[in-house]
Amino acid sequence: MAEDEAKYKVGMVGCGRQGTQHARGFTLLPETRVVAIADPDPDNLALACRRFDARGYATAEEMYENEDLDIVDCVLPVKYNPDMVVLAAERSGAKGIVSEKPIAAKLSDADRMLEACVSRGIPWQGGNVNRSISQMWEAREMIEAGEIGEVVSISMFQAITQCGAQTLGVGHLFVGDSEVEEVIGWTNGDPFGAGDEDYKGIGGHIRYANGIECFVHSKPGAARGLIVTGSKGVFVTDMFNGRFYRSVENAGRDVLWGLKHDESKTFKPFRRSSDGGYDDDGWLYPGDRLMDSMRSIVEAIEQGIEPRASGTIQHRSLEVAMAMRESARRGRVPVRLPLEDRSLTLMPQRYRWDNKKLLHGEEWYAEEIGRATRG
């Protein structure tokens with residue numbers, strides 16, 4: 001697509017391994033085209049500019065001074081996220097912003113990111129996350145239409161990591177994005193630690209303002225994903241695909257818990273990156289989740305709605321994860337939201353916080369970023 005044919009011009013801030021996948025996602029959407037890229041790493045920048053036929057800049061500030069952008073996508077280590085999202089909101093003039101997960105480590109940083117976008121009316125998509133998947137939104141519509149009756153509770157069979165960006169976002173989706181009233185939490189390690197090597201995931205109990213309860217399992221087991229329990233049935237998902245089960249009166253013992261699979265409710269197959277393989281242009285398919293995430297910001301701009309994984313939801317997930325960790329620190333006592341201490345910090349895994357090339361070395365990184373294309 002020629003640049004002047006694109007409905008929305010995209011500027012990338014960061015074009016490393018994941019940034020390349022984001023840029024490819026925007027290339028595959030008919031409404032968008034990557035026209036500019038900013039990255040202080042000259043090797044990454046040169047490669048990305050060749051791949052996407054885009055103009056390159058050493059800094060985001062320089063890009064904003066010279067480009068008329070509709071969407072800014074910040075794909076960076078977490079420690080740079082807050083400043084770059086705020087800068088994009090203040091300086092780029094963009095109609096929409098995308099960033100990656102987790103949005104921040106410090107609650108006050110997440111606060112200022114959200115304020116910068118909300119105060120300017122800029123929709124902000126907070127990452128390539130499970131909450132953006134189309135099948136999850138189809139399931140939400142079915143649940144809201146009464147397929148399992150009134151939602152009573154949710155069970156998450158996955159500990160909270162990545163500062164809540166993945167697991168909690170899907171949980172919020174199935175409670176109608178109700179505010180969180182109170183949490184109790186525990187960890188699999190030292191809740192006073194700085195990162196995942198110390199607390200190894202968070203579990204606990206969440207009570208939403210609408211009365212729905214959520215139980216988060218902190219230890220891995222055979223069950224994975226999430227179960228939404230209603231008054232007349234359940235919805236079970238591995239966070240990608242899902243099944244509905246209905247209550248059956250006078251069910252025989254062969255029907256687990258008196259529930260029977262409703263085969264009339266199906267979803268389109270979900271494709272991971274590895275499922276799509278390389279296309280005719282030699283690009284590895286970025287996966288349905290990423291495509292749905294990138295499509296979300298376009299829909300938000302065009303329809304005047306919140307993105308599927310909005311900054312508001314990602315901010316809420318981070319605060320809930322922090323509150324659960326604070327509960328663990330205080331001896332598993334109930335903690336009400338919003339939190340008073342906005343200086344609280346919950347560090348993500350180190351490979352999300354720091355530059356991966358510095359962590360793993362240039363040889364490893366070159367091989368990883370090279371996987372995006374064949375040959």
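Predicted model: local features only at pLDDT ≥ 70, side-chain atom pairs only at ≥ 80, totals over all residues.
Residues are numbered from 1 along each chain as its sequence is written. Local features need pLDDT of at least 70, side-chain atom pairs count only at pLDDT 80 or more, and totals for chains, interfaces and linings use all residues.

**Exercise 1.** Work out the strand order of the open sheet and find its edge strands.

Solution. Start with the definitions: strands are DSSP runs of E with at least two residues, helices are runs of H or I with at least four, and both are numbered from the N terminus. Two strands pair if DSSP finds at least two bridges between them. The six strands then line up as β3-β2-β1-β4-β5-β6, with parallel pairing. At the edges sit β3 (55-57) and β6 (124-125), each pairing on one side only. To check one end, look at β5 (residues 96-99), which is joined to β6 by two bridges; V98 has Q125 of β6 as its bridge partner.

**Exercise 2.** Find the strands that helices α1 and α2 lie across.

Solution. Take α1 (residues 17-28): it lies across β1 (8-13), β2 (32-38), β4 (71-74) and β5. Next, α2 (residues 42-52) lies across β2 and β3.

**Exercise 3.** Compare the reach of α10 with its expected span, then judge its burial.

Solution. First, α10 (residues 288-303) has 16 residues. Finally, G304 follows α10 with a positive phi near 65 degrees.

Definitions and conventions:
Heavy atoms only, no water. Expected span 1.5 Å × (residues − 1). Buried < 20%, exposed > 50% of the residue type's maximum accessible area, 1.4 Å probe, protein only. Contact = heavy atoms within 4.5 Å. Axes fitted to C-alpha atoms, helices over the stretch in contact; angles between N-to-C directions.
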